[in-house]
Amino acid sequence: MSKLQKALFLSDKGYKDLKKAVFACTLTNLAMLLPFCVTVMIFSEILTPAANGGSVQWNHIWMLWGAGIISALLVFLAAKNDYRKTYIASYQESNATRLRIADHLRKLPMSFFNTKDLSELTTNMMADCSSMESLLSSTIPPLIANGITVTITCILLAFFDWRLALCVFCTVPIAFLIIWLSRKRQIKLFEKQVDAKLEASDQVQEYLEGMKIIKSCGLSGSRFKTLDHALLAMKKIAVKAEMAVGVFMSSASMVLQAGIGITIFVGAVLLTSGQIELIPLLMFLLMATRIYGPILSILANLSSLLNLNVVTTRMRTLLTTPAMAGEEKTVENCDIELSHVTFAYNQDDVIRDVSCKIPQGSVTALVGPSGSGKSTISKLIARFWDIQKGTITVDGKDIKTMEPESLMSYMSFVFQDVTLFNDTVMNNIRIGNPNATDEQVIAAAKAAYCDEFVREMPDGYQTILGENGSTLSGGERQRISIARALLKNAPIILLDEATASLDPENEVLVQKAIAKLVEGKTVIMIAHRLRTVVDADQILVLEDGRLVESGTHSELMEKKGLYQRLYHIQQESLGWAV
Amino acid sequence: MSKKQSKETKPKTGLARCMELASDRKVLVFLAAVLSSLAAIASFIPYIAVYFMIRSIISAFPDLGQLDMGKVMSYGWMALAGIIANILLYFLAIFSSHMAAFGTLYDLKVLFADHITKIPLGYHLTIGSGRLRKIMDENIESVEGFIAHQFPDFIASITAPIVMVIILFAVDWRFGLASLVGILLAFVAEFIGFGSGAMKENMAKYQKASEEMNNASVEYVRGMSVVKAFNQTASSFKKLQEAISGYTEWVLKFSLGWQNCMPAFTTIINNIYLIIVPVGILLGSNTSDFTGFAMKFIFYLLFVPAIAGVLNKIMYISESFMQIDGNVARMDEILNIPEMPETSHPRRPKGEDVAFDHVSFTYTGNSEEKALEDVSFTAKKGQITAIVGPSGGGKSTIANLISRFWDVSDGKITIGGVDVRDMAQDELMRQVSFVFQDIFLFKQSILDNIRMGNENATEEQVIAAAKAAQCHDFISKLPYDYHTVVGTKGVHLSGGERQRIAIARAIIKDSPIIVLDEATAFSDPENEYLIQKAFEKLMQGKTVIIIAHRLSTIRNADKIIVMEKGHLVETGKHDELVSAGGRYAQMWDHYTEAIDWKISGKAV
């Protein structure tokens, strides 16, 4: 793979198309030289008699005009060709990139989708593809083509008179040198500016999320200091960056265009000393007024190419996040075993050497203070992450060797945060099993106590839930997620007991629905209310990522350890009244 | 508030609106306009210098000994001076416009941030913080780009053609006319592309497809965890795939709609000399002063390529004009939401009782969907008033109305006999403290987070409040105790701990009225016990309004208000209500049932 292809993060086809686009643009640029040649020849036709006497050959000029018309036609065809090539190629390429990203995303581990900056990632993903699109269509191909054309022109001109060609082009390397030398400073300022922007954006987010508190503490607008400071800092660095970039760019383009002056000086000297004819000099003068335009556009676009790095780095990070490997495997029973499991999100272990057995058909409760690792363990069993040490097996098979989707097919989740789609209630439940008939969906809804509230909605099961179902109460959302799980009918159920307050009636219904769901299943439940799990077959008590106690309720109460203490405190606070 | 549009005048859009926004920086903007015009004029100087040089050579020809070298050299200097003047003036123009733009950007963001706190909170829910953020981050930012770059370029692209046309006509009106015909042809080519109805339709479809693709990708990622859990990535991928293909199809159609106009435009601006040549032939074959004619002819052949650069700029500018319109409109849409009226004669409350007097309220403005209907009650000083009821009954609405996050539709809410609408916003906020269910801590130090309740509090006072709210112990264990910044690496605060910091914030605020949303019930037992103790401290001697979920909590409340579907259905003390056998008694039964529930895998 060539460097350019890697830098632009292109597919093989995209790279090939880019080459074609560059070729097309070069053709256009070369075609643009035709009007220039015709103009020079007309000059010569007019000036020869003016200088040497004799009369103008008007019919020659008419012929040149005809040639001009033909060359204009060629320019048109070339321009149309490069327009089509660049746009079609770039849109097809970004189409492919979008699909590639989308396809890769679905193979990433579950854990990836639980990170906070997820929405940012998606917006970036689409925005990055768009900036790539415009870079590939209107920046990069003309840029490369300009480079090629300028070089060709330079060589051609050198044949006429190398001294004047040198005059015209000597400023080019100096201008690039200025940009090259200032590059580090520019990148640094650019990065600082990006950081300032991100900081300001974070503060805006904070401001919006904390709106209620800000309002009730009377800290609106510039009175909210951190936002104000972030905005001011952004303003300062922006002025600085703009100033620096402006100074470098301006000096580079001044140096570059000084070539016009140099050509005039040297040309005049050469002419008077008889070392050059009038017409070639005119040609150089004419060229000097035109040649710098394309180079200036390269200089102006250099900063957006610096940006390119940011764009592709983000894409690369996403596409190189490894997908989880594994084969499709079937399991006969649902005995789960954790053996010396140690796990860290980053550096610090959050699960330390945990071993336990969860037999098929049993109810296992995970309890412990917040941050003890309860929900991490349940997510590890579903292979949201891969563990660093130890093994987790289902029916004796290491889940690391199982394809995540096939493992997932044995499990249902009922978690606290329920994601609903902008679709009908019917389809939102049917997620559990896409092949279910309407009747089966409704039966599941009834079993999960959804039927009643769904029927009260304007269009019953056909009601569109809107963005993330914002019209539903917490209890209703939970029951929909239970209906999904009922429809899926997986043998292992992972439950996270709700911590948020539901009103009593809702709570009773959620509890009843859960009771139906877990019937005869292997259940792993993250419990917050210890009274809920007194009948569980096994209670695992976690503290600081370690398994400190395990057993049934009565065994643990006798031990008088952490569980017993927690249980008592909770009983006490349940009786609290204002 | 000069930056908000006044209602009476016709709202401005696009460029005019941007200029209005930058009006505080008139001098800079004006300077930018003048400098960039001068830069545009200076950009023609090198062409003229080259022309002068050719002229002096030709008039000396063929005897080059007559050539005044000093003069030729001065043309070289003139070209250089023109280049330097052009770039320097442009640099200064851009610099002043940037100064104006960054300043305006800052003002606008602060104005916007301030404005959104003054509109009813309901708008935040309907608009969504994502969209507000996008407006602040992107739409407002584009105003900066516009004032900084597009504005000076716009001025230059107006000045340059005018100066150009003047020069063209000044030398010889016949050639001038021919050049003008060329320029007009270029414009015709461009406007055929812009103006055609099919193009506009394609543009609209393209934008819609782009929006659909963005929504689809957000939904795709947002729902991924569910979709994966139910093994359905294939079908959800298909949906996104369709949206992406739809977008590509329209973007191609849209772009290819220009495939003749754009190249035609490029061709014309680069070949205007083809119109000059026939005119030259006609004029030249009938002239008596051939040298004079030849000079002019050469001047035009030399000069017309400059037209290409100028027209290209105009093309680019008109594109960005289309975008700025939408961006400014999206910002103004929010800025035009009226602020909640602030009274001009604020009154101070004479007491600390909170009274609802026949209050009705609707979130949507539709009187059919009332969130509260004809609710009246009084919460007395030093008493605890509890509000209970099923979700959607109107409990949180009552809490939100007390701090005037919205205004009531009918009736009134009074504090100490004064309508909340007759109180200054700051005064009202001094009266009422809120502890919400959704706790939000800012990414600042714990000290600052607590101090938000009272900006003038000393560190000692903050610590005292933290102690009262049972926070002191865990805060002391944090890496930098009170100076630990929330959200930094290694700082994990549990839900209960966050809750207690929020209570400390309310304690330090020390308002006479406390509105409590009884929070997260079962976070973890130890935390809960401490939260309860913190609550007790906070409530001492205040007017307390508590939204309760766990009915046992409010058994001893002085007054319990039962809300259902926006109506106040029952009121009284716990024992009275239970023995009355109404709605509350029913809820109490459910509550005791829920509390006793146990999970087991056996059949039910």
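Predicted model: local features only at pLDDT ≥ 70, side-chain atom pairs only at ≥ 80, totals over all residues.
**Figure 1. Overall dimensions of chain A.** Chain A contains 18 helices and ten strands. Its radius of gyration is 36 Å, well over the 25 Å that the globule rule gives for 578 residues, so chain A is more spread out than a compact globule. The C-alpha trace of chain A spans about 120 × 50 × 50 Å along its principal axes. Of the 578 residues in chain A, 44% are buried. Among the contacts in chain A with a separation of 6 or more, 78% are between residues 24 or more positions apart.

**Figure 2. Overall dimensions of chain B.** Chain B holds 22 helices and ten strands. The radius of gyration of chain B is 36 Å, whereas a compact globule of 604 residues would have a value near 25 Å. Along the principal axes, the C-alpha trace of chain B extends over about 120 × 55 × 50 Å. Buried residues account for 45% of the 604 residues of chain B. Residues at least 24 apart in sequence make 80% of the contacts in chain B between residues at least 6 apart.

**Figure 3. The contact of chain B with chain A.** On the two sides of this contact, 147 residues of chain B meet 149 residues of chain A. Helix α4 of chain B, residues 69-118, gives the most to the side of chain B that touches chain A, contributing 24 residues. By residue class, the side of chain B that touches chain A comprises 85 nonpolar, 45 polar and 17 charged residues.

**Figure 4. Packing of helices α15 and α16 of chain A.** Helix α15(A) covers residues 474-488 and helix α16(A) covers residues 504-518; their axes come within 10 Å and cross at roughly 10°. This crossing angle is under 35 degrees, which makes α15(A) roughly parallel to α16(A). From α15(A), the residues in contact are Gly475(A), Gln478(A), Arg479(A), Ile482(A), Ala485(A) and Leu486(A). From α16(A), they are Asn506(A), Glu507(A), Leu509(A), Val510(A), Ala513(A), Ile514(A) and Leu517(A). The residues of this contact divide into eight nonpolar, three polar and two charged.

**Figure 5. The buried face of helix α13 of chain A.** Helix α13(A) comprises residues 438-447, and its buried residues are Val441(A), Ile442(A), Ala444(A) and Ala445(A). Viewed down the axis of α13(A), these buried residues fall within an arc of 160°, so they line one face of the helix. An α-helix has 3.6 residues a turn, so residues three or four places apart point the same way. After α13(A) comes Tyr449(A), with a positive phi near 60°.

Figure 6. Val414(A) belongs to strand β6 of chain A, residues 411-414. Val414(A) has 25 other C-beta atoms within 10 Å and is therefore buried, the cut-off being 20 or more. Leaving aside residues up to four places away in sequence, Val414(A) touches Ser481(A), Ile482(A), Ala485(A), Leu495(A) and Asp496(A). Among these partners, Ile482(A) and Ala485(A) also take part in the contact of α15(A) with α16(A). Val414(A) and Ile480(A) are 66 residues apart along the chain, and their C-alpha atoms are separated by 9.7 Å.

**Figure 7. Positive phi at Asp353 of chain A.** Asp353(A) is a residue other than glycine with a positive phi, near 50°. Asp353(A) is placed in strand β2 of chain A, residues 349-358. With 15 other C-beta atoms within 10 Å, Asp353(A) is partly exposed.

**Figure 8. Positive phi at Lys565 of chain B.** Although Lys565(B) is not a glycine, its phi is positive, at about 50°. Lys565(B) is found in the loop between strands β9 (559-564) and β10 (567-572) of chain B. Lys565(B) has 14 C-beta neighbours inside 10 Å and so counts as partly exposed.

**Figure 9. Position of Asn260 in chain B.** Asn260(B) is in the loop between helices α10 (233-256) and α11 (261-270) of chain B. Asn260(B) is partly exposed, as 15 other C-beta atoms lie within 10 Å. From C-alpha to C-alpha, Asn260(B) and Trp406(B) are 55 Å apart in space, and they are 146 residues apart in sequence.

Key. Residues numbered from 1 in each chain as written. Chains lettered and ligands numbered in written order. Axes fitted to C-alpha atoms, helices over the stretch in contact; angles between N-to-C directions. Helix = DSSP H or I, 4+ residues; strand = E, 2+ residues; numbered from the N terminus. Parallel < 35°, antiparallel > 145°, perpendicular 65-115°, else oblique. Contact = placed C-beta atoms within 7 Å. Nonpolar A, V, L, I, M, F, W, Y, C, P; charged D, E, K, R; others polar. Rg over C-alpha atoms; globule rule 2.2 N^0.38 Å. Buried ≥ 20, exposed ≤ 12 C-beta atoms within 10 Å, placed from the backbone. Arc of directions from axis to C-beta.
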